[in-house]
Amino acid sequence: MIVPISLLAELLQALPQLRAQIYFKSSMTALSHAMEDLVLAGSDEPLVIASFQRERFYRQEAHRYRRIASRSSQVYVLAAPETDFKNASECHETVAFAPEDGLSKEWHLVVLGQQYSTCLICQEKIVPVENQDERGPLLMDQARRFEGIWTFDRQVSSKAAALLLDRIVQYRPELAEKIDRARTTYNLIETPKKTRKSAASKAAKPDISAAKNSKIPNPQLSDAFTERLVTYLQAGQHKLLKAYSAIAAQERKERLVNLITTAMRQSLNPQEIVEVAVQELGTALSASRCLIYRCKATDVAVKIDREFLGSGASSLLDQTWLLQENQIWSDAVARQERVYIQDTAQHPLIVNTKFLEKTVKNWQIVSWLMVPVLYQGRVLGMVEMHQCRSVLPWEEDEIALVEAIATQLGAALIQAETYAHLEELNQQLEALDRTRSNLIAITGHELRTPLSTIQVCLESLSSEPDMPAELRQIMLETALGDADRMRKLVQDFLTLSHLESGRVKWNVESLTLQECVDLALSSVRSRTVDQELPEIIAEVSAELPLVQADGEWLVEVLSKLLDNACKFTTPQGSVTVKAQCNGSRMVEVLVADTGRGIEANSLKVVFDRFYQEEGALRRSTGGTGLGLAICKQIVAGWGGKIWVDSAGKDRGSEFHFTIPTV
Ligand code: ADP
């Protein structure tokens, strides 16, 4: 059985002088609770009819209704069933109406006692979905509105009770007798004449609203009602405030995350991004100290270079901050999640670890939060928040904010890193491009010049069969010499390209430097048998520790440096090879000569590809301009360094390079 008609509509039809009013849900709740409390506080045995839209709304109040039922035998509760609500006669009567019933859109409470009567008859005003606040269910619930009547007027309350009892009897005909008793007890039987008279008399003064007629005769009850109403209104307000502070926290979080995201978009400089994050986080969480630093899971220590400082906290800037020793840090890194110690004085980890106890004392850390900055499981850094003066616990939503920022930071740092790699790649590409252009220039000159010489020689040899044998010999030697120069250039260029591509397989072994120097010297000598060389002095002790390098490449470096030294030094000068331990698990080799030297402004560029003092077009000493560039690549391959010193023109040169020891 379904009664689709609204009870409110029925009431307004019966009492046309009534004016409906809008109530927010919180006011409705407060009013209903105050009305229920009136029953509990009074000595009456009233008729109570409460109609809930859904069983779940009743369930929240079931306990109160059991107490109300202990005051009166005439208590009726109506609701649309959801789980176990059904028609039943227990401590009070329950009436399960169909969910399609008009009652399911309404909220009613009628109390009819001897000393007072009151009723609340309202219908929910459904707000269209597009106008609903999207900020969350809590706010949406608070925004629910009802239209209807709330009054202490006995006539209105009696009418509402009569209408509701009519509905109840339709759902539960077996209660007819009990309901009749209620009608009699609470004076609800209207004679048709009386009703007409009443309606006519009310019709004569249609503007008098129910509210104006409202009164509670008993002043004690009136006080109790007002007091309770205010309490419930306050409770409603408190709930609202909580909802607003939740929204404010959410907004704050979104604002901060946005700020970091904007900083990320505007800058690809990780330092700038970290600076914004550290300052904003420190301020937002009112921290005594906020640190954000880059680190890897294997780092032992970092130097603090970004910090937010609240008042009274001492600065950690430029301090070396130990990581592996710090159990909180290693826990955060191992678990890849935040570690929060609210009160360091009470925490067993701090109390039982000397290092932590000391750190906490030195830097007066009372609350300590660490949130790792991660990207795909890789540790990129750490966010640390310290509270220094007293225990001011951070709320869960504040910690969630730090975590959200740490996540953003992870993405920002990776983005910046990727950009830096791109830049580097770009530079490499540009360098490659320069090499290619250089190669073209070199090919243009270096290859074409000997090629044309070779061509001229060979043409002369073939066109002039009568050429004297001596001249023929010279022609042949010239052609062969130039062919050799071309071969060297191509070979050096290929070697350098191979080294630069990073595809070289290093065959690292333990070597005696002295043996390598001897090999290099004999190779230089064998290549220059017909040249007069400067004096070569080798002072490499057999006592030196073994070095760790690829032997072939080491001999190559030594040969190239010795070749150059001999090439740029007159036979009257000298070339010296020396080596010594330089104290940092490296052997430093020196190839010095007394030759033409290098001017100060060229010291940095001699290692560039194709650098030649005279320029490729005016070279007098042969060579390709690639030898030192090759040396630089080889030395870098074993993690060493190469550099040159020279006091200037004609004052000799000193080439140094380092090799790791075993
Ligand atoms: P190259 O084949 O021209 O010798 P390198 O790369 O070995 O190519 O050397 C580049 C340039 O560096 C040389 O052309 C020369 O100008 C300068 N240079 C190298 N070694 C010495 C040295 N021992 N004394 C003076 N200048 C040198």
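Two strands pair if DSSP finds at least two bridges between them. Strands (E, at least two residues) and helices (H or I, at least four) are DSSP runs, numbered from the N terminus. This is a predicted model: local features need pLDDT of at least 70, side-chain atom pairs count only at pLDDT 80 or more, and totals for chains, interfaces and linings use all residues. Residues are numbered from 1 along each chain as its sequence is written, and side-chain values use heavy atoms, with hydrogens and water left out.

**View A. Five strands make an open, antiparallel sheet.** The strand order is S11-S9-S15-S14-S13. Strands S11 (307-309) and S13 (339-341) are the edges, and each pairs on one side only. From one strand to the next, the twist averages 10°.

**View B. Strands S9 and S15 pair in the antiparallel sense.** S9 covers residues 289-294 and S15 covers residues 378-387. Six bridges join them. Look for Tyr-293: its bridge partner in S15 is Met-382.

**View C. Helix H10 lies across S9, S11 and S15.** This helix spans residues 270-284. H10 runs at about 155° to S9. Axes are lines fitted to C-alpha atoms, for helices over the stretch in contact, and angles run from 0 to 180 degrees between N-to-C directions.

**View D. Helix H2 packs with helix H3.** H2 holds residues 25-41 and H3 holds residues 55-69. The angle is about 30°, and the axes are 10 Å apart. That makes H2 roughly parallel to H3. Angles under 35 degrees count as roughly parallel, over 145 as roughly antiparallel, 65 to 115 as roughly perpendicular and the rest as oblique. H2 passes H3 in a left-handed crossing. A crossing is left-handed if the near helix is turned anticlockwise from the far one by less than a right angle, and right-handed if clockwise. On H2, the contact (heavy atoms within 4.5 Å) uses His-33, Glu-36, Asp-37, Val-39 and Leu-40. On H3, Glu-61, Arg-64, Tyr-65, Arg-67 and Ile-68 take part. By class, this contact of H2 with H3 has four nonpolar, one polar and five charged residues. Ala, Val, Leu, Ile, Met, Phe, Trp, Tyr, Cys and Pro count as nonpolar, Asp, Glu, Lys and Arg as charged, and the others, Gly among them, as polar.

**View E. Helix H16 packs with helix H17.** H16 is residues 513-527 and H17 is residues 551-567. Their axes are 8 Å apart, at an angle of about 50°. That makes H16 oblique to H17. The crossing is right-handed. Residues of H16 in the contact include Leu-513, Cys-516 and Val-517. Among those they meet in H17 are Leu-554, Val-555 and Leu-558. By class, the contact of H16 with H17 has 12 nonpolar, two polar and two charged residues.
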